[in-house]
Amino acid sequence: MSRYHQLTASEAKIIEKGGTEPPGSGESHHREGIYLCRRCDLPLYLSKDKFDSGCGWPSFDDEIPGAIKRIPDGHRVEIRCARCDGHLGHVFEGEGFTAKNVRHCVNSLSMRFNPAFINGKERAIFGGGCFWGIQRDFSDFETVVGYTGGELVNPSYEEVCSGKSGHTEAIEILFDHKVTYESLIKRFYQVHSPGLQKCQYKSVIFYLTEEQRQIALKLKQGATEVLPASQFYRAEEYHQHYSLFNPD
Ligand SMILES: [Zn+2]
């Protein structure tokens with residue numbers, strides 16, 4: 001089961017027809033987060049692997065394992081999203097830009113940025129069973145419940161519950177320097193069972209930065225998965241702070 005984002009004409013020209021955007025036309029920034037496939041949400045690159053090549057397109061010297069498909073096309077190697085086959089750009093080796101000696105030259109229109117910070121606060125995203133309960137357990141933070149990690153864009157609760165969309169019920173926690181990501185993970189393990197791996201009720205830590213990934217791996221317990229964060233879809237309003245309005 002898959003459903004993709006609607007593309008604008010200029011996005012479709014690149015993603016579906018293998019086109020190239022004019023150099024320097026994309027937004028240039030060095031914010032922390034993850035770059036997703038614009039069409040299907042698959043996490044492709046971490047911001048720590050982005051570098052300035054001066055070529056006019058976003059450049060990365062590494063990829064999220066399994067996310068990129070390579071297709072030699074004569075003198076160059078085309079790169080595509082491993083899930084939806086959308087065109088991303090080309091990959092070059094041996095140019096000496098970084099120690100890894102690889103440059104993924106990617107159209108900015110082929111990607112969507114999933115930021116690690118919103119309004120100066122860092123995001124932590126966990127899947128720990130039914131999101132009603134886990135939101136109650138983090139009620140001293142600003143939180144939103146939603147769906148992430150699946151293969152359907154804009155999933156409904158019914159689609160998530162059918163198990164066919166592949167999404168996990170998850171919580172997004174916004175936190176500042178008064179607490180650490182580590183302390184949030186410790187609480188996460190106190191309030192849910194890390195053995196959960198059933199349909200939308202999975203134990204998962206969705207990381208947004210290399211630092212979060214390392215902390216999550218260091219503290220990992222049981223069957224909990226540590227995965228790159230895909231698009232987070234806010235759940236329908238009646239799910240938000242459900243246990244507050246339904247104490248039984
Ligand atoms: Zn894709």
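Predicted model: local features only at pLDDT ≥ 70, side-chain atom pairs only at ≥ 80, totals over all residues.
I next looked up the largest nonpolar core, which has 44 residues. Leu-44, Phe-126, Ala-170 and Ile-171 touch the most other members of this core. Domain 1 (9-115) and domain 2 (117-245) both give residues to the core, so it lies between them. I noted a general point: in soluble globular proteins, nonpolar side chains tend to be buried together.

I then turned to the two domains. Their C-alpha centres lie 27 Å apart. I recorded 12 residues of domain 1 in contact with 10 residues of domain 2. On the side of domain 1 that touches domain 2, strands S1 (33-37), S2 (43-46) and S9 (111-115) each supply at least two residues. S1 gives the most to this side, with 3 residues. By type, the residues of this side of domain 1 divide into 7 nonpolar, 2 polar and 3 charged.

Last, I examined Cys-40, which is found in the loop between S1 and S2. Is Cys-40 buried or exposed? I counted 23 other C-beta atoms within 10 Å of Cys-40, and 20 or more make a residue buried, so Cys-40 is buried. Its contacts, not counting residues up to four places away in sequence, are Ser-2, Tyr-4, Cys-81, Arg-83, Cys-84 and Gly-86. I also noted that the C-alpha atoms of Cys-40 and His-5 are separated by 6.4 Å, although these residues are 35 residues apart along the chain.

Methods: Residues numbered from 1 in each chain as written. Domains from an automatic or database assignment. Contact = placed C-beta atoms within 7 Å. Helix = DSSP H or I, 4+ residues; strand = E, 2+ residues; numbered from the N terminus. Nonpolar A, V, L, I, M, F, W, Y, C, P; charged D, E, K, R; others polar. Core = buried A, V, L, I, M, F, W, Y, C linked by C-beta atoms within 7 Å. Buried ≥ 20, exposed ≤ 12 C-beta atoms within 10 Å, placed from the backbone.
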